[in-house]
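Student: Could we go through this structure together? I would like to begin with the charged contacts and then move on to the pockets.

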Amino acid sequence: MTGKPAVETSPEAVPGTESGTGSEAMPAPAVAGRLQQSVAALVILAVGGWITIVSFDVEDPQPYLFPQLFSGIMVALSLMALLRAVRGRNRTGAGISGQQFLNIAAGLAVMLVYVFALAEWLGFYSAAFLAMLTLYSLYDPQPHGKVRTWAVRLAVTVGFVAVIYAVFALGLKVQTPQGILF
């Protein structure tokens, strides 16, 4: 919210209202504040910085080329976003509501469990399969009670893991965490 009071208008000026019913308050368009934008940029900067430190602090840097490139870009873009947020140059709309945050938090929780627990324990590809299937099930609007819907989810998840395997294991020759499954 911008902190501006709501502007009252006459019923004739508001489409869809009938005259004689009184005036309606039209809120001013809300813009996400500098604080919300700065916090988001700082969180991304922290994650990017952590990935950078971990990926450059190794004996053999060759397998870590992708994380190094990714983290460098992530740090640069988050610094740019932070500077824009601090200067008030971002025009991003109303920000996110509490319900939107909860929707995002569920997916974020799945990814954190994947990264910090499942990948090392089950193995990269097995954990990726479980994480992708969980995320797909959380965010897929299709009904959960139909067999066809689950068949599609499983097929897409298997395809996703196959592409990840082809890119990382076969194409980039990156060692992934090995766990009890695969």
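Predicted model: local features only at pLDDT ≥ 70, side-chain atom pairs only at ≥ 80, totals over all residues.

Student: Where do Asp 140 and Arg 153 lie, and what does the pair tie together?

Tutor: Asp 140 is in the loop between helix 4 and helix 5, whereas Arg 153 is in helix 5, so the pair ties together parts that are 13 residues apart in sequence.

Student: Are Asp 140 and Arg 153 buried or exposed?

Tutor: Both Asp 140 and Arg 153 are buried.

Student: How many salt bridges does the structure hold?

Tutor: The structure holds one salt bridge.

Student: Now Thr 149. Where is it placed?

Tutor: Thr 149 belongs to helix 5, which covers residues 147–171.

Student: Why does Thr 149 count as buried?

Tutor: Thr 149 counts as buried because its relative accessibility is 9%, and the cut-off for buried is under 20%.

Student: Which residues does Thr 149 contact, leaving aside neighbours within four places in sequence?

Tutor: Thr 149 is in contact with Asp 140, Gln 142 and Pro 143. Asp 140 is also the salt-bridge partner of Arg 153.

Student: On to pockets. What is the volume of the largest pocket?

Tutor: The largest pocket holds about 1,400 Å³ of space. Its lining consists of 32 residues, and those nearest the centre are Ile 51, Pro 67, Tyr 114, Val 115 and Phe 124.

Student: Which helices supply at least two residues each to that lining?

Tutor: For the largest pocket, these are helix 1 (34–56), helix 2 (65–87), helix 3 (98–122), helix 4 (124–139) and helix 5. Helix 3 gives the most, with eight residues.

Student: And what is the lining of the largest pocket by class?

Tutor: The lining of the largest pocket has 28 nonpolar residues, three polar and one charged.

Student: What about the second largest pocket: what volume does it have?

Tutor: The second largest pocket has a volume of about 380 Å³. It is lined by 14 residues, with Val 39, Ala 40, Ala 41, Val 43 and Ile 44 nearest its centre.

Student: Which helix gives the most to that lining?

Tutor: Helix 1 gives the most to the lining of the second largest pocket, with seven residues. Helix 1, helix 2 and helix 3 each supply at least two residues there.

Student: How many charged residues are in that lining?

Tutor: The lining of the second largest pocket has no charged residues; it has 10 nonpolar and four polar ones.

Notes
Residues numbered from 1 in each chain as written. Heavy atoms only, no water. Helix = DSSP H or I, 4+ residues; strand = E, 2+ residues; numbered from the N terminus. Buried < 20%, exposed > 50% of the residue type's maximum accessible area, 1.4 Å probe, protein only. Contact = heavy atoms within 4.5 Å. 1 Å grid on protein atoms, 1.4 Å probe; cavity = no way out; pocket = protein on both sides within 12 Å on 5 of 7 lines; lining within 4 Å. Points joined across faces, edges and corners; volume = space filled by probe spheres on them. Nonpolar A, V, L, I, M, F, W, Y, C, P; charged D, E, K, R; others polar. Salt bridge = Lys/Arg side-chain N within 4 Å of Asp/Glu carboxyl O.
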